[in-house]
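This briefing goes through one chain by topic. Please keep the sequence and the 3D view open while reading.

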Amino acid sequence: MGRENDTKWGELNKSLIDAMKDSDWGAMTQLYNDMVYIVVKEGKDATYLLEARNKTELRGYKSAGIGRVKILTAGRDNSCPQCLELEGQAYTIDDALKIMPLPHPKCTKDVFGGGHPFCRCCYIPARETSSSNNRKGIV
């Protein structure tokens, strides 16, 4: 890391610790995303940070009482074929934390040309609906 990135990295780590103390799940998710950006921009593998970001996002949803999520990709032009296959798949929070479908282990979307993927897919709350036969579905 260059000096500028070293300084930014230190600031991000301090902010991450503060967000953890406050249980600010949204801030933690964004801070991990900022860290991913720095690492990938330098041509390094950021899979461990992507995993941390996604686990944090899921734990934040769980703490807010959300029971199910579905996968949202970055769209056809901004996602790899492997990630596009996950679009709309729904999971309970616990299953998503167990399986960890994101980041997709075979994601190939190289945003910055450094040779490492930057999976930008995310989870969004899945709305439960009642169908005509009273079985719950996911929208």
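How many helices and how many strands does the chain have? The chain has 5 helices and 5 strands, where helices (H or I, at least four residues) and strands (E, at least two) are DSSP runs numbered from the N terminus. This is a predicted model, in which local features need pLDDT of at least 70, side-chain atom pairs count only at pLDDT 80 or more, and totals for chains, interfaces and linings use all residues. Residues are numbered from 1 along each chain as its sequence is written, and side-chain values use heavy atoms, with hydrogens and water left out.

**Overall layout**

- From the N terminus on, the order of elements is α-α-α-β-α-β-α-β-β-β.
- The C-alpha trace spans about 60 × 35 × 20 Å along its principal axes.
- Of the 139 residues in the chain, 32% are buried; buried means under 20% relative accessible area, exposed over 50%, and partly exposed in between (1.4 Å probe, protein chains only).
- Among contacts with a separation of 6 or more, 56% come from residues 24 or more positions apart; a contact means heavy atoms within 4.5 Å.

**Confidence**

- The average pLDDT of the chain is 87, and 91% of the residues score at least 70; pLDDT is the predictor's confidence in each residue, from 0 to 100.
- Residues 131–137 have a pLDDT below 50, and this stretch makes 7 contacts in the model beyond near neighbours in sequence.
- Where pLDDT is low, the predicted coordinates should not be read in detail.

- An open sheet of 3 strands has the order 2-1-3 with antiparallel pairing; two strands pair if DSSP finds at least two bridges between them.
- Its edge strands, each pairing on one side only, are strand 2 (90–92) and strand 3 (122–125).
- Neighbouring strands of this sheet are turned by 40° against each other on average, direction ignored; axes are lines fitted to C-alpha atoms, for helices over the stretch in contact, and angles run from 0 to 180 degrees between N-to-C directions.
- Strand 1 (residues 68–72) pairs with strand 2 over 3 antiparallel bridges; the strand 2 partner of K70 is A90, and that of V69 is Y91.
- Strand 1 and strand 3 also run antiparallel, joined by 4 bridges, and I71 stands opposite Y123 in strand 3.
- V69 and I71 form the covered face of strand 1, while R68, K70 and L72 form the uncovered one.
- Helix 3 (residues 47–63) lies across strand 1 and strand 3, at about 10° to strand 3.

**The nonpolar core**

- The largest nonpolar core has 33 residues, and L49 and Y123 have the most contacts inside it; such a core is a set of buried Ala, Val, Leu, Ile, Met, Phe, Trp, Tyr and Cys residues joined through side-chain atoms within 4.5 Å.
- Helix 1, helix 2, helix 3, strand 1 and helix 5 are the elements that give two or more residues to this core.
- The most come from helix 2, which gives 8 residues.
- Leaving out residues up to four places away in sequence, Y123 touches, among others, N54, E57, L58 and Y61, as well as V69, K70 and I71.
- Further residues touched by Y123 include A96, M100, P101 and L102.

**Helix 2**

- Helix 2 has 17 residues and reaches 24 Å from its first C-alpha to its last, close to the 24 Å expected at 1.5 Å a residue; the expected span is 1.5 Å times one less than the number of residues.
- Its buried residues are M28, T29, L31, Y32, M35, V36, I38, V39 and V40, and the buried residues of helix 2 pack against helix 1 and helix 3.
- G43 follows helix 2 and has a positive phi, near 80°.

**Backbone exceptions**

- Most residues other than glycine have a negative phi, and most peptide bonds are trans.
- S23, in the loop between helix 1 (3–21) and helix 2 (25–41), is not a glycine but has a positive phi of about 50°; S23 is partly exposed, with a relative accessible area of 44%.
- M100, in the loop between helix 5 and strand 3, likewise has a positive phi, near 50°; M100 counts as buried at 16% relative accessibility.
- L102 and P103 are joined by a cis peptide bond with omega of about -5°, and P103 is in the loop between helix 5 (93–99) and strand 3.
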